[in-house]
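Have a look at the sequence and the 3D structure below.

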Amino acid sequence: MIFNKKSEIDPDNIPEHIAIIMDGNGRWAKKRGLSRSVGHREGSRTLRKIVEECYQLGVRYLTVYAFSTENWSRPKEEVDELMKLLLEYLRNAEKELAGKKVRIRVIGGKKHLPEEIIKEIKRVEENTENIEGLDFIIALNYGGRQELVEAVSKLVEDAKAGLISEIDEEAISKRLYTRDIPDPDLLIRTSGEMRISNFLIWQLSYSEFYFCDVLWPDFSPTHLRDAIISYQGRQRRFGGVKC
Ligand code: IPE
Ligand code: IPE
Ligand code: MG
């Protein structure tokens, strides 16, 4: 059998924007007889490694799904643990990323978020806003439908104020949380689930999807590289024709 699957990354074709649905923390913990919280803690270690790897590879934007608008329906204990981990990450982010050109941004609604998290988001975003290197975007209390609801509400307000001449795709795009961020080139979801669970529903229109069975705490830089190699072997047509 002839294998011509590439095993090396082409450094000239690194996806500009990678989005990741980090899934499988709970199952990872269950398999080991541990609490889901332990799974989330391990998952946050994986995230640190993946941010580092994206930075080294020269990825320009990395967006990770950290907490969805639907995740509030989980047991309070689990939600509290996730908020604690996120707060910890935001508090230490600059120290951890010291010496690296990483800008941190958070997308999602502010409603229901604990005050201390809102405060940390503001602080870290302001502190890193002029850094150009990797934009590390955390989707926190994020829901794609909620994002569209907010965008349409703004659109209606602006229309009432006479600020809009035409409603086109750009009119919506520029009212999303991601207004100045290009659409993801590659979406990765771990844990074997093949759905987008309300993540970036507008922005993923032409992204390449990569699903893998690995549970998020076990996802390594090598798995990330495999996803990029798969992406590099795809032909993106955007509805057109390529010979
Ligand atoms: C992803 O892991 C983390 C969040 C949703 C915050 P899960 O907690 O969804 O793990 P599974 O899917 O139950 O294994
Ligand atoms: C999506 O994972 C949300 C995050 C990874 C933050 P979920 O585990 O919440 O998604 P479903 O419930 O399996 O669709
Ligand atoms: Mg899950």
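A crossing is called left-handed if the near helix is turned anticlockwise from the far one by less than a right angle, and right-handed if it is turned clockwise. Helices here are DSSP runs (H or I, at least four residues), numbered from the N terminus. Before we use these terms, some ground rules: this is a predicted model, local features need pLDDT of at least 70, side-chain atom pairs count only at pLDDT 80 or more, and totals for chains, interfaces and linings use all residues. Residues are numbered from 1 along each chain as its sequence is written, chains are lettered from A and ligands numbered from 1 in the order in which they are written, and side-chain values use heavy atoms, with hydrogens and water left out.

Start with H2 and H3. H2 passes H3 in a right-handed crossing. Their axes come within 10 Å and cross at roughly 25°; axes are lines fitted to C-alpha atoms, for helices over the stretch in contact, and angles run from 0 to 180 degrees between N-to-C directions. H2 and H3 are therefore roughly parallel to each other, given that angles under 35 degrees count as roughly parallel, over 145 as roughly antiparallel, 65 to 115 as roughly perpendicular and the rest as oblique. Among the residues making the contact (heavy atoms within 4.5 Å) are Arg 36, His 40 and Arg 48 of H2, along with Glu 78, Glu 81 and Glu 88 of H3. By class, this contact of H2 with H3 has four nonpolar, three polar and eight charged residues. For the classes, Ala, Val, Leu, Ile, Met, Phe, Trp, Tyr, Cys and Pro are nonpolar, Asp, Glu, Lys and Arg are charged, and the others, Gly among them, are polar.

Now follow H3 (residues 76-96) over to H4 (residues 115-128): they pack at an angle of about 25°, with their axes 9 Å apart. That makes H3 and H4 roughly parallel to each other too, and H3 passes H4 in a left-handed crossing. Leu 86, Leu 87 and Leu 90 of H3 are among the residues in the contact, as are Ile 117, Ile 121 and Val 124 of H4. Sorted by class, the contact of H3 with H4 has eight nonpolar, two polar and five charged residues.

Back to H2 (residues 36-57), which also meets H7 (residues 221-232): the axes come within 9 Å and cross at roughly 50°. That makes H2 oblique to H7. Ile 50, Glu 53, Cys 54 and Leu 57 of H2 touch Pro 221, Leu 224, Arg 225 and Ile 228 of H7.

What about the ligands? Around ligand 1 there are 13 residues, and Asp 23, Gly 26, Arg 27, Arg 36 and Arg 74 come nearest; a residue counts as near if one of its heavy atoms lies within 4 Å.

The residues around ligand 2 include Asp 23, Tyr 65, Asn 71, Arg 74 and Arg 189. A polar side-chain atom of Asn 71 is 2.9 Å from an oxygen atom of ligand 2, while for Arg 74 the distance is 3.2 Å.

Key: Helix = DSSP H or I, 4+ residues; strand = E, 2+ residues; numbered from the N terminus. Polar contact = N/O pair within 3.5 Å; in protein donor to acceptor, adjacent residues only side chain to side chain.
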